[in-house]
Structures are given as structure tokens and as C-alpha cells.
There are 2 protein chains.
Amino acid sequence: MPTVRLTVSDGDAEVRARVLALDLADDVTENAGAAVVDADLVVLAVPVGAMGAVAAEIAGELSPGAVVSDVGSVKEKVLNALMAALPGVIVIPAHPVAGTEKSGPDAGFASLFTGRWCILTPPAEVEAWQTERLADFWRLLGAKVETMDAAHHDRVLAVTSHLPHLIAYSIVGTASDLETVTQGEVIKFSAGGFRDFTRIAASDPVMWRDVFLNNREAVLETLGRFTEDLTALQRAIRWGEGDTLEALFTRTREIRRGIIDEGQDIDTADFGRPH
Amino acid sequence: MPTVRLTVSDGDAEVRARVLALDLADDVTENAGAAVVDADLVVLAVPVGAMGAVAAEIAGELSPGAVVSDVGSVKEKVLNALMAALPGVIVIPAHPVAGTEKSGPDAGFASLFTGRWCILTPPAEVEAWQTERLADFWRLLGAKVETMDAAHHDRVLAVTSHLPHLIAYSIVGTASDLETVTQGEVIKFSAGGFRDFTRIAASDPVMWRDVFLNNREAVLETLGRFTEDLTALQRAIRWGEGDTLEALFTRTREIRRGIIDEGQDIDTADFGRPH
């Protein structure tokens, strides 16, 4: 293993203090430009709407040959923002599909990426060996790597991540706004299923605001499909079509089985929550 | 503690064999009527659409003074079905808001009800001391007990359980039916949030079909509120209203906090899934 020197930059003094206290980096800087001097790899981990501004901050300090990547949940708009701010720089966007509802320095842990997929979306002008080097970086962190077009990434993640978050935020909002059922009742009886949705609805508000603003088209398209299917279910309930309901409820079990077989979730009941 | 004799009845020979193998009961019968002879308390644990038929099967064998209860997720239709099938019998419907996506004899465990709420919905003609005796039964199993009107129960559970299940089933169905994103991609990248929904969408299909058919009005009303709110979010995304999104995403965190403070979920990241 080569010697690695890790520099973290964050504009928030409290975050920098936690990074130091947790001994997460060799150096911690307030100024983003100062952090990238002599760096071979720069990974931007900010809300996707802030990528372009941070890229502009570091543009003048990058070494020749430095690779700039990120970990954002939207790729096409980020790729465009980074390339516009960093002409001539090797830009390879990345998205490790991992994480929890918590954020900040205390939310990380060594096995976060183990067995999870990291998606790379290199633009056409990046050479294959450069992408492969970044792929190796992620594999060393425990991830499996897949490469795809940025626009396709955004359609896939609209389904597997953005729409689920939107729905979770929405139903938690709905449940707290009813007249006939109190918020206290919603909380008390949340173990009937509702509490599952509150986990991802507790994710960082700014991070998720930016995801929806920057993956608008794919999210709206997927949402359209979802509401179409939900309306069909609504109609089946209204007309008492039990067979339609049972057929769907049987089919959805197979997807859960596939996710468990692929090692993307555990088969323990209730996510293994302690009882 | 009084001596308790527990008899289990199930129409499925495999289920009866598992109950015996796991030593879950003193006696196991195929015939429901035979199981209730001399019983002080009878608890029906079948899909809510089957409650009336099972009640009719046991009607002739009940001892005078026996209490008939259940554990179904819908209460008004169940109360009506039980009272129609069991004239003169003490009927006190119950709903322990607990359980996992698994069902059958192997899915139970001793601490399932610990700290969870059990809702009793006694009709007006049941005396308070009879309801209190059933409440004590549930408290001895570890549950906290609340009493409410059956119709109100159905409105509360439409929000905290039925709508979440309907949405989970629906999004899992949508995700498996897209043309631009394959099922393999949905499974691989499900850790972005989608996999959370697949857990409750793997629940028993017949049990859930019956819930929606028997709590139609409350589910449709709550679903109407949800789609109204979701449409407003859709519009905010289309018009780039970041402040609206961020305000909602900030507000939903408080509900999660309330659920954790009330002991209805754990604060460990990612539901404490092993990493």
C-alpha cells in the first residue's frame, strides 16, 4: 500500500473540530483550495447543488493530472457543473449507493461501503485506465463498482433512492397534518409500518432538496409512473377487486427475495431491530 | 399466576405440525370448535375477512361467559362480523400493533409485544371490568393498552399501517415494471432507500388483501390526503421551489424524533442493520 495523506476541508468550524477529535484525517483546512494542493484525488462530498461552487473554489489550486470526483446522488447535472468549473481537469463523478439517515463526521464507519455498489459515470474524454484507478480506490474501501452513463444513473437512482425518499417525506408530512388522527396517535401506533418511512424522512434536508432540484426530469417521470400504479390500486380497493390486490402483493415478495439473495439487505425479521 | 391451558387450532396440517414441534401449545386441534370447549378466552388470529366464518364455526361450542377477541388490523368490520355470528357472546376486538413482515408459527418470539401498544375496541354493551381483564392479559404479555372506538381505530391504523403498506406494495410494483431501468438494477442499487419499502411489501398477501377490502373508506380517505400532498410536492419540484422542499424535509425529522423518544423505534442508524 502506498503512503496516503488525507486532507479534509469543511467550511463549518464544528465539523472541522469533530474531524480532528475523531482523528479522521491527517490535515483539516477551512479553505477548500488549500486542501487540494498536491492532491492526486479530490472527492467532493457536498450537496449536489453546491458542487459547481466548490469546484470553482479549488480550480486554481489543483495539480496537473489530479482527478476530481464526488459522492453525490445525482450525476448528469454534477458532471456538467464540474466540467464547466474545471476545464481541462479529469472529472470522474461517482456515487457510492450506501449511507444511513445520519450525516456528518460522526455518522461514518469503516464498513459503510462493504458489499455496496459504487457507480462511476465518466465522461467520454476520460481514458479507461483513469476510471479503473478510481474503481480500484472504491474496491479498496469494500465497494463493488459499476460504470454507466450519467443520464442512466439518474434514471436508476430516481427509482431506487429519490422516489422512495420523496414518498417517505410526503407520507410523514401527511400523517402529521390530519384533523381526525392526532400526531400523538401517529407516533404511538407507528410500529404498524409507518415508522419505517420516518427513517429516510429524517435524512439531511438540504442534501435532499438539492437532489430533487437537480434530478427533476427523472424524478417527475418516475413519480408519474408511481401515481399511475397507485391510482390503479386505489380503484381496485374502491371496487373490491381482491384478486388484483393479492396478485400484486404476491409479486412484490420476489423483489425482496432478490435483494436479500444479492446481499443488499438482511433476511432477519424487522431489519433485525432489537425486540 | 393461575394455571393456563393453551389450545391452538389451525386448518393447515403443516402449521399444526410446526406448533407441536415448537411446543407452542398444550393442545393442537384441526377443528376450531373443538379448540374453544371450556375456554375462558378465545383469540381469533386469521385474516380479517375470515373472522365471521371462523366465529360461526365456534359459535356452538363456546362456554357461557367466554370472551371472544381477535388480533386483526381492522376493527369495525370485524366487530360487526363477530357480533353477528356470536349473538349474546362477550366480544372485545383487539389489535396489538406489533409484528414483522414474517408470519406463521416460526415468526413469533417472546418479546414481540414488549413496549408495543395493544388497542381494544369494546362495543358499548361490554362491561368495563371485562375489558380491563383483557387489558391485563395484554399487559402480562408486555404490551401497553389503549381503548378506543372501532371506527376511530380504523382511521388511525389507516394512517400508521394500512397506507404505508399500500404505498410500499405500490412502489415495489412500479419499480419492477419499468422499461428504462431493469429489475436487476433496482435490486443492485436498492440500498439507496428502496430496500426499506420491500420489507413491509413482503408481508402476507391474503392478510393485507383483507385489510384493504375491510377498511376501504378510511384507506381511501387517507390515500386521498396523501396524493394531494404528493401532488403539491411534485409541483414544487417542477417549479424548482427549494424552500418548500427544505421546509417539509426539516419538519418530518421531528416525527422521527417523537417516535424514538416514545420508544417505538431505535435511534441506531439504518435501523441497526449489521454493516
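Which residue of chain B forms a salt bridge with A:Glu246? Select A:Glu246 together with B:Arg209, and you have the two partners, whose closest N and O atoms are 2.8 Å apart; a salt bridge here is a side-chain nitrogen of Lys or Arg within 4 Å of a carboxyl oxygen of Asp or Glu.

Before going on, note that this is a predicted model, in which local features need pLDDT of at least 70 and side-chain atom pairs count only at pLDDT 80 or more, while totals for chains, interfaces and linings use all residues. Residues are numbered from 1 along each chain as its sequence is written, chains are lettered from A and ligands numbered from 1 in the order in which they are written, and side-chain values use heavy atoms, with hydrogens and water left out.

**Stop 1: the two chains together**

Show both chains and select the residues in contact (heavy atoms within 4.5 Å), which are 103 residues from chain B and 103 residues from chain A. Chain B and chain A bury about 10,300 Å² between them, with 66% of it on carbon and sulfur atoms; buried area is the accessible area, taken with a 1.4 Å probe, that two parts lose on being put together, summed over both. In chain B, select B:Phe189, B:Ile237 and B:Phe249, which lose the most area to chain A and together make up 7% of what that side buries.

Now superpose the copies, by least squares on the C-alpha atoms of residues with pLDDT of at least 70 in both: a rotation of 180° with 0.0 Å of shift along its axis places chain B on chain A, with an RMSD of 0.0 Å. That is the relation of a two-fold axis. Since 100% of the interface residues of chain B are also interface residues in chain A, the copies meet through the same surface.

**Stop 2: charged and polar pairs across the interface**

Select A:Lys102 and B:Asp267 to see a salt bridge with an N to O distance of 2.9 Å. This pair crosses between chains, since A:Lys102 sits in the loop between strand E6 (94–96) and strand E7 (117–120) of chain A, and B:Asp267 in the segment after H11 of chain B; helices (H or I, at least four residues) and strands (E, at least two) are DSSP runs, numbered from the N terminus.

The interface of chain B and chain A also holds 46 residue pairs in polar contact, both residues being at pLDDT 80 or more. A polar contact is a pair of N or O atoms within 3.5 Å; within protein, one must be able to donate a hydrogen and the other to accept it, and residues adjacent in sequence count only if both atoms are side-chain atoms. Among the elements that give two or more residues to the side of chain B that touches chain A are helix H6 (150–175) and helix H11 (242–261) of chain B. The largest share of that side, 19 residues, comes from H6(B).

**Stop 3: the domains of chain A**

Colour domain 1 (7–148) and domain 2 (152–263) of chain A separately, the bounds coming from an automatic or database domain assignment. Their centres, taken over C-alpha atoms, are separated by 29 Å, and their contact takes 19 residues from domain 1 and 20 residues from domain 2. The area buried between these domains of chain A is about 1,500 Å², of which carbon and sulfur atoms give 58%. The count between them is 1 salt bridge.
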